[in-house]
Amino acid sequence: MRKHLLGVLTAGMALALVAGGQSAAEPAAPLFQPDPMLAFLPAEAKVDWAAVQRNRESRKQSRVAAKSAGQPLTYSEKETGQGANDVPSQAEHVAGFGTGRGKNPKLTLTGDLAGDPTIPVAAPFAETNDAVPLASGTGVPARERAVRTSGKIGDGPYGSGGDGSGDHDFYKLSGGAEGRIVLLETDTPSGDLDTLLAAFDATGQLLDQHDNLAGSTDSRLRVPVAAGQDVYVMVAAAGPGGIPADPMKPGTGKRVLTEGAYDLTIATGGGPADRDHFSVDLKAGDVLGASAAGKATRVVVHDPAGREVFGSSQDFSFLYAENSPMPAGGNAVADFVAPKDGRYTVGVENGTGRYDVTVEAYRPGSELNQRPEVLTVFLDFDGARVNTRIFGVDPAGNKDLSPLRKFLPGWGLTGADENAVIDGVVATVRENIEHDLAAKGTNRRFAVRILNSRDHADPWGQKNVSRVVVGGSIAESGIQTVGIAQSIDAGNFGKEETSLVLLDVLSAPAAQTRTSLNGYITPASDKIAFIGRAIGNITAHEAGHMSGSWHQDQFNALDAIMDQGGNPKGMFGVGPDGIGGTADDVDVDFHEDVLNPNEGFTGIEDSLNRTAWAYTRGAN
């Protein structure tokens, strides 16, 4: 597994980076942990995953998916058994779906995923296995690809027939020489049991948990098991107290919840599991959303060439724009923007039994304008007041962010250099968005204006205007990041959103952080050109989120605008000589590239066309 987020800020202290580039640790209110999916984090950022998970659950609970009028088209799978529609080339075609005249843009797919007959079955493991040191060895993934077993919550010494503290069954996953991603799923064939799956490391630290697939009492968990390491998975009853007080000691539960029998499948994938594929016709620019419920726990989109362009085993729809109409909820949610007309496939995977999948298609939000309006991206360098509620900050409030000029001394610049830096940022954003998307994208109605606070009246607050505030610090905003977007908005339905590019880390002394621009500046550098381009790339990155792109792989050979934080050299466009602002620097652009493997999605994301179709001139 690749590391991309390492150690940094201390709780209760804010790193205050002052204009002269000096830093001081000063007491401050607790800083907000941004969701890494929305943020461009410093290379050293330490993520508080417990805080992230709490925020995600809160956002899930508060999101209400938009519902459009009209009854969906329905289609039931024709395949019986396994094999007939297992690959995209053999997909069952669904006629009548789409955004064109006479088409229905809403579709419900139903079907069944057949079980994998090759997975070996193991007898139930003996009690007592109620703690990490007592976990039952499964042999997965070190020796076996998969195993099925069964158990019962309530049959040990801690169930309702014992001391009443609550039964917990632990299973050991051994990484072996290579490590694997392990998928676990419970099935409760009868009885009252409502399951919880949780994963722990060897010290009892909680790594992840999942309570209930959509519409059932079953659970599913995706667990990375690194080479040479062990992970311990617990099956228990869902509800308050489902996690024991001390996973290292048996009998430390709080009380009996539901009890009953369960089946458990532990698999690394790669076998002949059933997959169902359905084809639909899309027009260039169509924004496709899919949400899987029931027993299906993965949904995947393939393009007309058969390439996987978006695969998901998770629901991150709470990161969509507030007014996005895209389907949400369920076990897995995918979104995709079609770069060209063609027949695409929606696949359903990972599970055994009945499923239903909601599929919906929309035209981009900006195309729905009733007048030929052009969207505006406003770059604000003068400082701004931002209500951090839009980023999920608690407690939220209006925060005053300092202008870009405050941070110039951190790079050894003066106020006389401000215009040149702004020129560089604006030119980079225009090259990445205005020029490249028009020249390379498939949207023939592409239109966007890049305005800025130095040269134009401030249009913020008007319709069809989004903004990127370039300025401010972690201490001022209360958010531990370099950049953050308000949403990830496929189709750009939230056309009036805000992103931040904070400048304290970027202007910090080189010894303080690998994400400081100063670490790449030498006497050989064209300093101002490098600073303008690097900030411009991050600014385009945040605009890319607001227009619908997720993070891409920051550690592969291709440096792209939508790469996740953690590889600042790549985002800054530093060339092979390791010095910014020299002749071998790289032009970093929107590209087709691999979705970031650390964030749980799979496939090739075309961030260039996702962004290009977000900026479509309104109807005439």
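Is Lys-172 buried, partly exposed or exposed? In this predicted model, Lys-172 comes out as partly exposed, with a relative accessibility of 27%. Its salt-bridge partner is Asp-230, and the closest N and O atoms of the two sit 3.6 Å apart. Lys-172 belongs to strand E9 (residues 169–174) and Asp-230 to strand E14 (residues 230–237), so the contact ties together parts that are 58 residues apart in sequence. Asp-230 also has a relative accessible area of 27%, and counts as partly exposed.

Take Asp-286 and Arg-363, whose side chains meet at 2.7 Å, N to O. Here, too, distant parts of the chain are linked: Asp-286 is in the loop between strands E16 (276–282) and E17 (287–294), while Arg-363 is in the loop between strands E22 (353–362) and E23 (375–380), 77 residues away. Both of these residues are buried. Arg-363 has another partner in Glu-367, with a salt bridge of 2.9 Å from N to O. Because buried means under 20% relative accessible area, Arg-363 falls in that class at 15%, and Glu-367 does as well, at 15%.

Phe-316 and Phe-318 make a tilted pair, since their ring centres are 5.4 Å apart and their planes meet at 45°. Both Phe-316 and Phe-318 are buried. In the pair of Phe-446 and Tyr-615, the centres lie 6.5 Å apart and the planes stand at 80°, so the arrangement is edge-to-face. Phe-446 sits in the loop between helix H2 (418–440) and strand E26 (448–452), and Tyr-615 in the segment after helix H6 (607–614), so this pair ties together parts 169 residues apart in sequence. Phe-446 and Tyr-615 are both buried. Ring pairs also build a cluster out of Phe-310, Phe-316, Phe-318, Trp-550 and Phe-601. A charge meets a ring at Tyr-75, where Lys-78 lies over the ring face, 4.0 Å from its centre.

Finally, there is helix H4, which covers residues 527–546. From first C-alpha to last, its 20 residues reach 29 Å, close to the 28 Å expected at 1.5 Å a residue. Of those 20 residues, 17 are buried, so H4 is largely enclosed by the rest of the structure. Just after H4 comes Gly-548, with a positive phi of about 115°.

How values were computed:
Residues numbered from 1 in each chain as written. Predicted model: local features only at pLDDT ≥ 70, side-chain atom pairs only at ≥ 80, totals over all residues. Heavy atoms only, no water. Helix = DSSP H or I, 4+ residues; strand = E, 2+ residues; numbered from the N terminus. Expected span 1.5 Å × (residues − 1). Buried < 20%, exposed > 50% of the residue type's maximum accessible area, 1.4 Å probe, protein only. Salt bridge = Lys/Arg side-chain N within 4 Å of Asp/Glu carboxyl O. Phe/Tyr/Trp six-rings, centres within 6.5 Å; stacked < 30°, edge-to-face > 60°. Lys NZ or Arg CZ within 6 Å of the ring centre and 35° of its normal.
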